[in-house]
Amino acid sequence: MNQQPLRIVLVRSPQARERLLPLLAEGNRAKTGAAPLVAILAADLDFHEEFPKTFPYKPDAKELFEGLDREPHARLNATLQIGYFILGVRAAGLAAGPMTGFDAAAIDQEFFPDGRHRTLVVVNLGQPGENAWFDRSPRLDQDEVVTTV
Ligand SMILES: Cc1cc2nc3c(=O)[nH]c(=O)nc-3n(C[C@H](O)[C@H](O)[C@H](O)COP(=O)(O)O)c2cc1C
């Protein structure tokens with residue numbers, strides 16, 4: 001379904017940065033403080049409110065989703081969107097540093113006080129400097145992840 005639950009808060013101002021940094025794991029603070037732009041990526045649990053626009057060919061869909069636990073849907077679809085967000089940033093020639101080292105409940109409270117969002121990933125955006133934080137990590141080989149039956 002065309003759920004589109006991803007919501008993005010771009011943290012640009014120094015004041016907003018100061019609200020975010022203490023909510024991150026210690027090891028993520030310096031790089032997030034140095035990044036030119038930081039994106040908080042969250043799932044909107046009430047994505048179905050937009051169904052009249054995003055799912056117009058099934059008029060009863062909004063009502064159907066009112067009675068469901070929408071959180072697994074929101075998390076799965078927003079996580080897929082986040083993968084494409086990272087690809088898009090890199091395709092545009094910028095670096096994307098995704099992180100899950102943070103207090104998610106605290107970020108929800110600080111940046112989404114309506115209670116209907118769940119923060120999934122925070123991404124640092126910019127151009128890596130000479131001394132990037134760490135080298136790209138090795139990938140598993142195809143025969144380690146693919147089984148043909
Ligand atoms: C879901 C997720 C969470 C991550 N959390 C952190 C983090 O908290 N801190 C950090 O420094 N890097 C974090 N990383 C970065 C990964 O270590 C790094 O992206 C991974 O090695 C893949 O390398 P690449 O980004 O060069 O493709 C995270 C990556 C992902 C995908």
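# Chat about the sheet and core

Me: Leaving aside its neighbours within four places in sequence, what is alanine 43 in contact with?

Reply: Alanine 43 is in contact with Pro5, Leu6, Ala74, Arg75, Ala78, His117, Arg118 and Leu120, where contact means that the two C-beta atoms, placed from the backbone, lie within 7 Å. This is a predicted model, in which local features need pLDDT of at least 70 and side-chain atom pairs count only at pLDDT 80 or more, while totals for chains, interfaces and linings use all residues. Residues are numbered from 1 along each chain as its sequence is written.

Me: And which residue stands opposite alanine 43 in E4?

Reply: That is arginine 118. Eight bridges join E2 to E4, and these two strands run antiparallel; strands (E, at least two residues) and helices (H or I, at least four) are DSSP runs numbered from the N terminus.

Me: What order do the strands take in the sheet?

Reply: The four strands form an open, antiparallel sheet in the order E1-E2-E4-E3, two strands being paired if DSSP finds at least two bridges between them. E1 and strand E3 (95–99) stand at the edges with a single partner strand each, so one side of each has no neighbour in the sheet. From one strand to the next, the twist averages 25 degrees, with axes taken as lines fitted to C-alpha atoms (for helices over the stretch in contact) and angles running from 0 to 180 degrees between N-to-C directions.

Me: How many bridges join E1 to E2?

Reply: Six, with the two strands running antiparallel. Valine 9 stands opposite isoleucine 40 in E2, and isoleucine 8 is opposite leucine 41 in E2.

Me: Why is E2 described as largely enclosed?

Reply: Seven of its eight residues are buried, so E2 is largely enclosed by the rest of the structure. A residue is buried if 20 or more other C-beta atoms, placed from the backbone, lie within 10 Å of its own, exposed if 12 or fewer, and partly exposed in between.

Me: Which members of the largest nonpolar core touch the most others?

Reply: Of its 24 residues, they are Ile40, Leu41, Ala43, Ile82 and Leu120. Two or more residues each come from strand E1 (6–11), strand E2 (37–44), helix H5 (71–91) and strand E4 (117–126), and E2 gives the largest share, six residues. A nonpolar core here is a set of buried Ala, Val, Leu, Ile, Met, Phe, Trp, Tyr and Cys residues joined through C-beta atoms within 7 Å.

Me: Changing topic, is aspartate 69 buried or exposed?

Reply: Aspartate 69 is exposed, since 9 other C-beta atoms lie within 10 Å, and its place is in the loop between helix H4 (61–66) and H5. Aspartate 69 and leucine 45 are 24 residues apart in sequence, with 9.0 Å from C-alpha to C-alpha.

Me: What about the ligand, which residues surround it?

Reply: The ligand is surrounded by Asn28, Pro98, Met99, Thr100, Gly101, Val121, Arg136 and Ser137, each counted because its C-beta atom, placed from the backbone, lies within 6 Å of the molecule.

Me: And what is the phi of glutamine 4?

Reply: Phi there is near 50 degrees, a positive value in a residue other than glycine, and glutamine 4 lies in the segment before E1.
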